[in-house]
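Here are my notes for you to read alongside the coordinates.

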Amino acid sequence: MKDPRMTPTLSDERILDLIEAYGADPVAFPEAERDAAVRRMNEAPSLFAKALDEARRLDQFLDIVPETEVPASLRDSLLASAPKPARTARPERGLWRFLPGWLPAGAVASLVMGLMIGVNVSLPASVASAQTTDETDAVMYAALGFGDLDLMSETAE
């Protein structure tokens with residue numbers, strides 16, 4: 001037996017929606033909400049009496065109406081004419097199905113940006129290195145930690 005304190009609570013509006021959608025019999029309610037709805041309906045029966053009466057009358061009326069047999073050909077033609085989900089151009093297999101559609105465009109954009117930055121940075125550096133002297137290169141290499149320029153000897157001169 002379930003502990004009533006452990007079942008979730010439902011709002012009165014939700015219970016009225018359940019009665020309107022599923023009828024007066026709580027057995028037809030969704031299982032996850034059934035116990036809480038029954039408990040709340042037992043706590044305050046006057047709140048739901050009108051909705052339950054209307055639902056019972058509708059249930060009785062629906063019980064009177066005979067069930068209709070749908071011919072298989074009609075059912076098949078209705079299913080055939082029903083709108084179909086749009087097919088995607090993306091492959092359904094492999095890792096591509098997990099990747100977003102914009103990823104190839106983002107990869108191309110980042111490649112173009114990298115090439116543009118690389119060209120703009122490497123061109124001035126190559127022009128600057130063509131005009132430098134050996135002494136400038138030595139200072140630059142020493143500043144980067146690749147050379148062994150003795151700066152103290154320059155200041156002493």
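1. A start with the handedness. The crossing of H1 and H3 is right-handed. Please keep in mind throughout that this is a predicted model.

2. The chain overall. The chain holds seven helices and zero strands, so that from the N terminus on its elements read α-α-α-α-α-α-α. Of the 157 residues in the chain, 11% are buried. If you look at contacts between residues at least 6 apart in sequence, 47% of them join residues at least 24 apart.

3. H1 against H3. Helix H1 covers residues 12-22 and helix H3 covers residues 45-64; their axes come within 10 Å and cross at roughly 10 degrees. An angle under 35 degrees counts as roughly parallel, and H1 is therefore roughly parallel to H3. On the H1 side the contact involves Asp12, Ile15, Leu16 and Ile19, and on the H3 side Leu47, Phe48, Ala51, Leu52 and Ala55. Sorted by class, this contact of H1 with H3 has eight nonpolar residues, no polar ones and one charged.

4. H1 against H2. What angle do H1 and H2 make where they pack? The angle is about 110 degrees, and the axes of H1 and H2 are 10 Å apart. Because of that angle, H1 is roughly perpendicular to H2. H1 brings Asp12, Arg14, Ile15, Leu18 and Ile19 to the contact, while H2 brings Glu33, Ala37, Arg40 and Met41. Here the contact of H1 with H2 divides into five nonpolar, no polar and four charged residues. Asp12, Ile15 and Ile19 of H1 take part in this contact, and Asp12, Ile15 and Ile19 also meet H3.

5. H2 against H3. The axes of H2 and H3 come within 6 Å, with a crossing of roughly 110 degrees. H2 is therefore roughly perpendicular to H3. Arg40, Met41, Asn42 and Glu43 of H2 make the contact with Pro45, Leu47, Phe48 and Leu52 of H3. By class, the contact of H2 with H3 counts five nonpolar, one polar and two charged residues.

6. H2 on its own terms. Helix H2 spans residues 31-43, which is 13 residues, and reaches 19 Å from its first C-alpha to its last, close to the 18 Å expected at 1.5 Å a residue. Which residues of H2 are buried? They are Glu33, Ala36, Ala37 and Met41, and the buried residues of H2 pack against H1 and H3.

7. A look at Tyr22. Tyr22 lies in helix H1. Is Tyr22 buried or partly exposed? With a relative accessible area of 42%, Tyr22 is partly exposed. Leaving aside residues up to four places away in sequence, Tyr22 touches Ala28, Phe29 and Pro30. Tyr22 and Asp59 are 37 residues apart in sequence, and their C-alpha atoms are 9.5 Å apart in space.

Methods
Residues are numbered from 1 along each chain as its sequence is written. This is a predicted model: local features need pLDDT of at least 70, side-chain atom pairs count only at pLDDT 80 or more; totals for chains, interfaces and linings use all residues. Side-chain values use heavy atoms; hydrogens and water are left out. Axes are lines fitted to C-alpha atoms, for helices over the stretch in contact, and angles run from 0 to 180 degrees between N-to-C directions. Helices (H or I, at least four residues) and strands (E, at least two) are DSSP runs, numbered from the N terminus. Angles under 35 degrees count as roughly parallel, over 145 as roughly antiparallel, 65 to 115 as roughly perpendicular and the rest as oblique. A crossing is left-handed if the near helix is turned anticlockwise from the far one by less than a right angle, and right-handed if clockwise. Contact means heavy atoms within 4.5 Å. Ala, Val, Leu, Ile, Met, Phe, Trp, Tyr, Cys and Pro count as nonpolar, Asp, Glu, Lys and Arg as charged, and the others, Gly among them, as polar. The expected span of a helix is 1.5 Å times one less than its number of residues. Buried means under 20% relative accessible area, exposed over 50%, partly exposed in between (1.4 Å probe, protein chains only).
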